Structures are given as C-alpha cells and as structure tokens.
Amino acid sequence: MTGPRTVREYCLDLLAAESVGGKLVPPDGLLDIAPGPAIRVDSPSRPPGLTIVAGRQARTPSILGMADPAQRRRILHAFASHELQAIEIFAWALLAFPDAPRSFREGCVGIIREEQAHLRLYMDRIEALGGHFGDEPVSGHFWRRVPSIRTPLEFVCTMGLTFENANLDFASEHAAAARLAGDEPTAAALDRVRRDEIRHVRFAWEHLLLWKEPEQTPWEAYRSNVSPPLGASRARGATFDADCRRAAGFDDEFVTRLASTAPERPGGATR
Ligand SMILES: [Fe+2]
Ligand SMILES: [Fe+2]
C-alpha cells in the first residue's frame, strides 16, 4: 500500500510526464510534507508533438484569424500551450520554493487544478474545430522566463502580474472576436478562463502586498521584481479592462499606471 502522495512527488511526476493525461492528473489528496530541498527544473518533459521549439518556429495568427475556423484553431492551440506551461510552471514553483508560506503553496496547488480545466476547455474547442492538441508547434514563451526567477515574489510578478494579468485582456479580446465569428462555445470558454484568471491575478497581488518592502508602493515593488524584457508593457493587451484589475484587488495607482503604459508584443513592437 502506498500512502497519499506529497506535493513534491506530484510536481516531479507532473514535470516528468510524457503524456497529456500525465499533465492533467488532478492534484487531489496531496500532503504538503517534506517539501525541501529546493529543486529548479530547467525544462519539462513533454508528450510527443508538444516538444518546445523556438518562438519563430511556433508563430500564432493575429486576432484577425479568429474569423477563420482554421486560424481560430491555431490560436486556440497557442492558448492551450500557454495553459500547459502554466500547469507546469506552478508545479515548478512548488519545487523551487519549498519554504514559501502555506498560503502560497496551497494557492499554487489550487491554480494547477484550474489551469488543467483551462487546458481541457481549449483542447475540446480545438477538437470541435477538427484539430488535436499537438498538431501545431509550441513555444516555451513562459518557460523562457523561468531561469531568471529567483524568489517567490519574482514568481508572482512574472506569472501572475505579467502573463496572467495580460491574459485578462487577451481573453476578452478573443472572446469578442469568437462571438463576432459566431463561435459561442469558444467565446464561453474564453470567458470562463478570464473569470478564473482574475482569481489567479488576485493571488499574485495578495502575495505582492505580503512580500513587498514596506516603503514601496505595489507598483514600485512590481517594477523592481520583474526582469526585462517583461514588465508593465507586457502586462496588458491592446485593450485594457480596468474592472478586471479592480476585481483582482489592484489599488488605484496600479490600475492607472498600467492603463497609461503602452502595450508591447514579445520583441518590443507596439501591440
Ligand atoms: Fe489559465
Ligand atoms: Fe492562470
């Protein structure tokens, strides 16, 4: 008889999994005992077809592609790839930061569960459009930033307050485009993801408040804990949904400053 698994064992298995099913094993009944020492996994094992390739080999169509089902499927494939990376990177954080407080560790486990639900939602939509997750090359857009993350505070600034923060806008922009194209199920999936991501961003915001230097405002603390090329210009879309940010708990300074920051694409071009 084996006993309940620990968070550490679960995360190691998840990062070593070579099937999509292995990435989707729910984090049920885990015990968070004996979490240390810290392990920094450089890159995840992947199922066949989902090996990470260079960004230039995994181009994603612009939002205009949402009008065409074949291009929409490719965009959804990129979103599914982001969810897979999120699942893995929250597992990475649990291994890298064994001494982080319980609120952080329990939060990461809960977020893995929701990222898994998002991946399933997008996989269903890809299949409804005649594709399969693994049909398109995938980039390591989030994984590329992992080596520069040294602390749990830098982690929440990178994942929560940059990538997931920007996704609040991307999800609503793409939901609107899916609706315009008459694809209500895809729009509903994107809406569901955005609702959940508000909570993920809130988790990051609350830990920013917990860990920032007392004399820093949250905006200052964010800016000093996210390393270039990431930063505020990558934490929003071409549109800016202030209500989502307020729902995530952001203070007025953070909302105002982010709203007045020009959005940039990876590579530095204007969004
Ligand atoms: Fe997600
Ligand atoms: Fe998320």
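The model you are looking at is predicted, so local features need pLDDT of at least 70 and side-chain atom pairs count only at pLDDT 80 or more, while totals for chains, interfaces and linings use all residues. Residues are numbered from 1 along each chain as its sequence is written, chains are lettered from A and ligands numbered from 1 in the order in which they are written, and side-chain values use heavy atoms, with hydrogens and water left out.

Donors here are N, O and S atoms within 2.8 Å of the metal (3.2 Å for Na, K and Ca), and because water is not among the atoms, sites may look incomplete. Helices are DSSP runs (H or I, at least four residues), numbered from the N terminus.

What coordinates the iron ion (ligand 2)? Its donors are Glu-115 (OE), Glu-164 (OE), Glu-197 (OE), Glu-197 (OE) and His-200 (ND1), at 2.0 to 2.5 Å. The donor residues of this ion are spaced E-x48-E-x32-E-x2-H in sequence. Here the pair linking distant parts of the chain is Glu-115 in helix H4 (residues 102-128) and His-200 in helix H6 (residues 184-211), 85 residues apart. Glu-115 coordinates both iron ions, which are 3.5 Å apart. Glu-115 counts as buried because its relative accessibility is 1%, and His-200 is buried as well, with a relative accessible area of 1%.

Now for the aromatic rings. The whole structure holds 15 aromatic pairs, where rings of Phe, Tyr and Trp (its six-membered ring) pair if their centres lie within 6.5 Å, with planes under 30 degrees apart counted as stacked, over 60 as edge-to-face and the rest as tilted. Phe-104 and Phe-155 make an edge-to-face pair, 6.0 Å centre to centre and with 85° between the planes. Phe-104 lies in helix H4 and Phe-155 in helix H5 (residues 152-180), so the pair ties together parts that are 51 residues apart in sequence. Phe-104 is buried at 0% relative accessibility, and Phe-155 is buried at 0% too. Both rings belong to one aromatic cluster formed by Phe-90, Trp-92, Phe-97, Phe-104, Phe-155, Phe-203 and Trp-211.

Finally, come back to helix H6. Arg-192 is found in this helix and is partly exposed, with a relative accessible area of 31%. The C-alpha atoms of Arg-192 and His-118 are separated by 8.3 Å, although the two residues are 74 residues apart along the chain.

Note on methods
Helices (H or I, at least four residues) and strands (E, at least two) are DSSP runs, numbered from the N terminus. Buried means under 20% relative accessible area, exposed over 50%, partly exposed in between (1.4 Å probe, protein chains only).
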